[in-house]
Amino acid sequence: MDALADTGWLAREIREAGASAEPMPSLRVVDTRWYLDPARRGRDAWRAGHIPGAIFLDVDEDLSAPGGGRGLPAGRHPWPGEEQVARVMSAAGIGPGVRVVAYDDNAGGTAGRLWYLLRGHEDVAVLDGGIGKWIAEGRPLSTEEPRVSPARFAARLRPGFVVFKEEMVRDHARRLVLDARAAERYRGEAEPVDPRAGHVPGARNAPWTGNLTAEASPRLRPPAELRARYEALGAARDEPVVYCGSGVTACHDLLALHLAGLRGTLYAGSWSEWSSDPELPAATGGE
């Protein structure tokens with residue numbers, strides 16, 4: 001697998017696995033659906049119908065450290081530590097020799113978080129088009145909760161892979177910084193979630209939705225188109241630091257950079273952390 005998995009390929013893998021007690025022991029399909037609306041829960045969506053054999057990992061509980069929340073100093077989705085990552089992935093049956101495919105119903109907007117978290121694992125990919133494309137193609141769903149045998153996952157955060165607040169404050173003025181949020185949030189015209197409107201001074205706007213095709217079930221644009229997009233933003237000259245509202249959809253930009261043959265790093269706390277500190281500046285308007 002590369003960083004993207006095709007729905008047809010995944011369907012064949014599931015068919016070949018058959019009706020085993022533990023579906024696809026060498027391939028872990030992970031549902032990462034998550035919603036900003038607190039009245040909606042990804043786990044409920046998974047229980048109502050998921051790709052056969054898929055387990056569920058929660059963005060708030062499993063893919064983020066404790067202590068996050070709206071307006072809190074650590075931001076809404078603090079980056080999880082190595083102990084938590086090892087515990088969660090081991091319990092999910094993810095370990096040596098296990099390939100991982102993450103999906104959501106948001107064109108990879110949340111699945112990218114798991115992809116970035118597992119970078120360095122043997123094989124991890126985002127399902128291109130997600131469950132929306134899967135359903136549009138008439139493929140089956142399941143409500144069965146698979147039994148998973150624990151594995152042993154070794155979590156190691158690579159140096160420079162994630163930028164934390166102290167480094168971001170020190171270095172943002174001399175680095176290329178990309179903001180993956182919608183343009184109106186970047187410009188400070190609207191802020192529905194975090195304490196202040198605006199963006200990190202000097203950041204350029206690269207909305208994650210710009211990585212997608214215009215289809216009913218959007219997919220990632222071809223690598224050449226993604227490369228042209230990010231080269232125009234300066235990412236071929238300077239490896240960017242990418243942030244979003246809380247460090248989730250920024251991972252979609254990082255996925256797009258990877259597909260384009262470029263590199264970037266994540267500001268983990270993102271705008272939810274930055275805007276919660278009244279001592280830090282906020283810029284508004286265009287670039």
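**View A. Trp79 is a buried residue, with a relative accessible area of 11%.** Buried means under 20% relative accessible area, exposed means over 50%, and partly exposed lies in between, with a 1.4 Å probe and protein chains only. This is a predicted model, in which local features need pLDDT of at least 70 and side-chain atom pairs count only at pLDDT 80 or more, while totals for chains, interfaces and linings use all residues. Residues are numbered from 1 along each chain as its sequence is written, and side-chain values use heavy atoms, with hydrogens and water left out. You will find Trp79 in the loop between S3 and H3. Helices (H or I, at least four residues) and strands (E, at least two) are DSSP runs, numbered from the N terminus. Which residues does Trp79 touch, not counting residues up to four places away in sequence? Among them are Ala65, Arg113, Leu157, Val162 and Leu266. A contact here means heavy atoms within 4.5 Å.

**View B. Aromatic rings meet around Trp79 and Tyr116.** Rings of Phe, Tyr and Trp (its six-membered ring) pair if their centres lie within 6.5 Å; planes under 30 degrees apart count as stacked, over 60 as edge-to-face and the rest as tilted. How many aromatic pairs does a search of the whole structure find? The search finds 6. One of them joins Trp79 and Tyr116 edge-to-face, at 6.2 Å centre to centre and with 70 degrees between the planes. This pair links distant parts of the chain: Trp79 is in the loop between S3 and helix H3 (82–91), Tyr116 is in helix H4 (residues 111–117), and the two are 37 residues apart. Tyr116 is buried too, at a relative accessible area of 1%. Its ring also pairs with that of Trp115: the centres are 6.1 Å apart and the planes stand at 45 degrees, so this pair is tilted. Trp115 is buried, like Tyr116. Together, ring pairs tie Trp79, Trp115, Tyr116 and Phe161 into a cluster.

**View C. In two places, an arginine sits over an aromatic ring.** A charge sits over a ring if NZ of Lys or CZ of Arg is within 6 Å of the ring centre and within 35 degrees of the ring normal. Arg40 lies over the face of Tyr35, 3.8 Å from the ring centre. The charged end of Arg139 takes up such a place over Trp134, at 5.7 Å from the centre of that ring.

**View D. Five strands form an open sheet in the order S1-S5-S4-S2-S3, with parallel pairing.** Strand S1 (4–5) and strand S3 (55–56) are at the edges with a single partner strand each, so one side of each has no neighbour in the sheet. Two strands pair if DSSP finds at least two bridges between them. S1 is joined to strand S5 (residues 124–127) by 2 bridges, and these strands run parallel. Look for Leu4, which stands opposite Val126 in S5.

**View E. A further open sheet of 5 strands has the order S6-S10-S9-S7-S8, again with parallel pairing.** Its edge strands are strand S6 (162–163) and strand S8 (204–205), each pairing on one side only. Strand S7 (residues 177–179) runs parallel to S8, and 2 bridges join them. Here Leu178 has Arg204 in S8 as its bridge partner.

**View F. Ala92 lies in the loop between H3 and strand S4 (99–103).** Is Ala92 buried or exposed? Ala92 is buried, with a relative accessible area of 6%. Not counting residues up to four places away in sequence, Ala92 touches Arg28, Ile55, Leu57 and Val148. Ala92 and Arg152 are 60 residues apart in sequence, while their C-alpha atoms are 9.6 Å apart in space.

**View G. Zooming out, the protein chain has 10 helices and 10 strands.** Its radius of gyration is 18 Å, close to the 19 Å that the globule rule gives for 287 residues, so the chain is as compact as a globular protein of that length. The radius is taken over C-alpha atoms, and the rule is 2.2 Å times the number of residues to the power 0.38. Of the 287 residues, 56% count as buried.
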